[in-house]
Amino acid sequence: MISTWRKKRASKRSNTKKQIEEKTMELLMVPSHFKCPISLDLMSDPVTLSTGITYDRVSIETWIENGNQTCPITKKLLNTLEPIPNHTMRKMIQEWCVANKEYGIERIPTPRIPVTSSEVTGILRKIESCCKLQQGSESSRELVMKMRNMIKESTRNKRCFVANGAGKMLSSTLDCFTEKSSVYEVETMEEIISALTILLPLDSESKSILGSKSSLNCMIWFLKCGSLSSRRNSVFLLKEIMRMEEVWRVEELLKIDGGLESLVKLIKEPICPTTTKASLLTIYHMVNSSQLSNDKARSKFVDLGLVELLIETLVDCEKSICEKVLGILARLCNSQEGRKRANNYALTIPVLIKKLLRVSDLATEFSVSILWKLLIGKNDNVVLINEALQVGAFQKLLLLIQVGCGENTKEKASELLKLLNLHRGEVECIDSLDLKNLKRPF
């Protein structure tokens, strides 16, 4: 009780302190010429347009990005869309902040000068010329490193590089360097892949260039032999490429020795959750359609033991990973060999039943779809049906129909209930129905 009283007293004091600070700020008048005309807030990075009016960089860049080419105050057409840093105004604001620090005002930091379009064009041309001349790869690596650091500095820099075609140029450069094999070329390619990852999402033209045979070989090589960071970056790019779901890209990837094994290894020996998700999405896009190449991919993944690995992953994983795993498993169970592997694995039915109504609507939809593929048409497999009944499949499917679901899922759940009802008297449910984590669509 004393502890609760102390907490309330401390909370009251902190609230009183905040109120005093707010009143102090209200009494302290910020000079009008220190305020941005757009946001009316104290400027942290003042810049001046060609009309001579000063604004905060974030506010005026947002104004220009929205398609405006005039000055917000004067309404005059801008001669250039590149604002000029107002260092004098920034220093005046910093001095004012220091002079009023007793009122709780912090000094604004000196901002880094953002990169300009001309600087970006210059760097890209230098990298391109090094690639065409096929020499000076060490300097190419340094240029790419410089470019990567500039992109990481701010979102504004990233937008500037993207607008000037950095993704397309780097994709072409990677394709150019893949035919070389010296130490510098490998290091340069690693830097290029890292820079491309920062530029994500890439445009369709950049992804098309990255989907070439030589570039795919390069990324798979890094997946097999590269450092943890290069493996991580490579799978991010592969995810972007495979998202286009073009059949010939899947065929190219199938031809590369060790490509599928490397993707499976990232799930078996995870680096981090984002890498695991990227690998799962890459595999999902490879097995998603009904094309012949996708059938081959499904068959190869099943042979690599992916079905059993995915079921083991389902035992204890987060929501987003669970949905992706179930999505892949649903596609792998389209093949006879995939269903056979799933039926023969002891954890399959209990894990799938456990995921019903506990993760998300999408996970439930995938789980019902997989159960339908495994059980429907398997009336002779009484052992499998009895196992489903023992872990509470009948009760959960019945509850699913009651709480509501999609038409397709409802139809499959109804068919499963009819099948399970025929064998219901033969076994006794040994698993109580847990409604604690029930996810209701309404």
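A pocket here is an open set of points on a 1 Å grid over the protein atoms alone, where a 1.4 Å probe fits and protein lies on both sides within 12 Å along at least five of seven lines; lining residues have an atom within 4 Å of a point. Its volume is the space filled by probe spheres set on the points, with grid points joined across faces, edges and corners. Select Asp-45, Arg-57, Val-58, Ser-154 and Arg-156, which are the closest to the centre of this pocket among the 17 residues that line it.

The model is predicted, so local features need pLDDT of at least 70 and side-chain atom pairs count only at pLDDT 80 or more, while totals for chains, interfaces and linings use all residues. Residues are numbered from 1 along each chain as its sequence is written, and side-chain values use heavy atoms, with hydrogens and water left out.

Remain at the second largest pocket and display H2 and H6, each of which supplies at least two residues of its lining. H2 gives the most, with five residues. Helices (H or I, at least four residues) and strands (E, at least two) are DSSP runs, numbered from the N terminus. The lining of this pocket divides into four nonpolar, four polar and nine charged residues. In this division Ala, Val, Leu, Ile, Met, Phe, Trp, Tyr, Cys and Pro count as nonpolar, Asp, Glu, Lys and Arg as charged, and the others, Gly among them, as polar.

Next, select the lining of the largest pocket, which includes Glu-61, Ile-64, Glu-65, Arg-156, Arg-159 and Cys-160. About 300 Å³ of space lies in this pocket. The elements that give two or more residues to its lining are helix H2 (57–65) and helix H6 (155–163). Here the largest share, four residues, comes from H6. By class, the lining of the largest pocket has five nonpolar, two polar and five charged residues.

**The nonpolar cores**

Of its 442 residues, 45% count as buried; buried means under 20% relative accessible area, exposed over 50%, and partly exposed in between (1.4 Å probe, protein chains only).

Select Met-147, Phe-161, Phe-301, Leu-306 and Leu-332, the residues with the most contacts inside the largest nonpolar core, which has 102 residues. The largest share of this core, eight residues, comes from helix H17 (residues 319–332). A nonpolar core is a set of buried Ala, Val, Leu, Ile, Met, Phe, Trp, Tyr and Cys residues joined through side-chain atoms within 4.5 Å.

Centre the view on Phe-161. Leaving aside residues up to four places away in sequence, Phe-161 touches Val-115, Val-120, Met-147, Met-150, Ile-151, Ala-166 and Leu-199, where contact means heavy atoms within 4.5 Å. A second, separate core of 17 residues includes Met-43, Leu-49, Ile-60 and Leu-78.

Select H19, a mostly covered helix in which six of eight residues are buried. These are Thr-348, Ile-349, Val-351, Leu-352, Ile-353 and Lys-355. Show their neighbours: the buried residues of H19 pack against helix H16 (306–315), H17, helix H18 (336–344), H20, helix H21 (382–390) and helix H22 (393–403).

After H19 comes Leu-357, whose phi is positive, near 60°. Proceed to Arg-358, in the loop between helix H19 (348–355) and helix H20 (361–375). Arg-358 counts as partly exposed, at 26% relative accessibility. The C-alpha atoms of Arg-358 and Lys-319 are separated by 9.5 Å, although the two residues are 39 apart along the chain.

**Two cysteines**

Select Cys-317 and Cys-322. Cys-317 is partly exposed, at 22% relative accessibility, whereas Cys-322 is buried, at 1%. A search of the whole structure finds zero disulfides.

**Backbone stops**

Most residues other than glycine have a negative phi, and most peptide bonds are trans. Select Leu-40, where phi is near 65°, a positive value; Leu-40 lies in the loop between helix H1 (2–27) and strand E1 (46–48). Finish at Pro-201, in the loop between helix H8 (183–198) and helix H9 (204–210). The peptide bond from Leu-200 to Pro-201 is cis, with omega near 0°.

Terms used: A disulfide is a pair of cysteine sulfur atoms within 2.5 Å.
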